[in-house]
Amino acid sequence: MRTETRKAERLFRAAISAFCSLPRPSRREIAQLEDLALPLFDDVPDEALRFGAAALSETEYAPRQLILRLAECKVDVAAPLLIRSAVLGDVDLIA
């Protein structure tokens, strides 16, 4: 079980790192990250979620559903997104 969690965490981090290195990701690449990261979401520890939130808070092309899911986490995970993400609008922040 622990090995599966580590694999999920490594894959989650690697996918987000690779995505953030793209200067202007295509819609397909955005969808691919969302399709890969969302199923792993419940299997990764808070530390990996914090990493994802911090990394994705810097890009305006982050997958919306992934950003919304991260923004609903505990404040210590979601803080970078709540402060810096261009993906989250006023309505999202109020919700």
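This is a predicted model: local features need pLDDT of at least 70, side-chain atom pairs count only at pLDDT 80 or more; totals for chains, interfaces and linings use all residues.
Residues are numbered from 1 along each chain as its sequence is written, and side-chain values use heavy atoms, with hydrogens and water left out.

**View 1. Helices H3 and H5 side by side.** Helices here are DSSP runs (H or I, at least four residues), numbered from the N terminus. Two packed helices are described by the angle between their axes and the distance between the axes. The axes of helix H3 (residues 46-56) and H5 come within 7 Å and cross at roughly 5 degrees. That makes H3 roughly parallel to H5 (angles under 35 degrees count as roughly parallel, over 145 as roughly antiparallel, 65 to 115 as roughly perpendicular and the rest as oblique). Axes are lines fitted to C-alpha atoms, for helices over the stretch in contact, and angles run from 0 to 180 degrees between N-to-C directions. On the H3 side, look for Asp-46, Leu-49, Arg-50, Ala-53, Ala-54 and Leu-56; they meet Asp-76, Val-77, Pro-80, Leu-81 and Arg-84 in H5. Contact here means heavy atoms within 4.5 Å.

View 2. (Buried means under 20% relative accessible area, exposed over 50%, and partly exposed in between, with a 1.4 Å probe and protein chains only.)

View 3. Arg-13 forms a salt bridge with Glu-47, with 3.3 Å between the closest N and O atoms. Arg-13 sits in helix H1 and Glu-47 in helix H3, so the pair ties together parts that are 34 residues apart in sequence. Both take part in a network of salt bridges that also links Arg-6 and Glu-9. Arg-13 has 22% relative accessibility and counts as partly exposed.

**View 4. A loop joined to helix H4.** Asp-42 and Arg-69 form a salt bridge, their closest N and O atoms being 2.7 Å apart. This pair links distant parts of the chain, with Asp-42 in the loop between H2 and H3 and Arg-69 in helix H4, 27 residues apart. Is each partner buried or exposed? Asp-42 is exposed, with a relative accessible area of 61%, whereas Arg-69 is partly exposed at 29%.

**View 5. Helix H4 against helix H5.** H4 and H5 pack at an angle of about 125 degrees, and their axes are 8 Å apart. That makes H4 oblique to H5. Ile-67, Leu-70 and Ala-71 of H4 make the contact with Ala-78, Leu-81 and Leu-82 of H5.

View 6. Ser-57 is found in the loop between H3 and helix H4 (64-71), and at 4% relative accessibility it counts as buried. Leaving aside neighbours within four places in sequence, Ser-57 is in contact with Pro-80, Leu-81, Arg-84 and Ser-85. Pro-25 is in the loop between H1 and H2 and is buried as well, at 7% relative accessibility. Not counting residues up to four places away in sequence, Pro-25 touches Phe-19, Ile-30 and Tyr-61. Pro-25 and Tyr-61 are 36 residues apart in sequence but 7.0 Å apart in space, C-alpha to C-alpha.

Terms used: Helices (H or I, at least four residues) and strands (E, at least two) are DSSP runs, numbered from the N terminus. A salt bridge is a side-chain nitrogen of Lys or Arg within 4 Å of a carboxyl oxygen of Asp or Glu.
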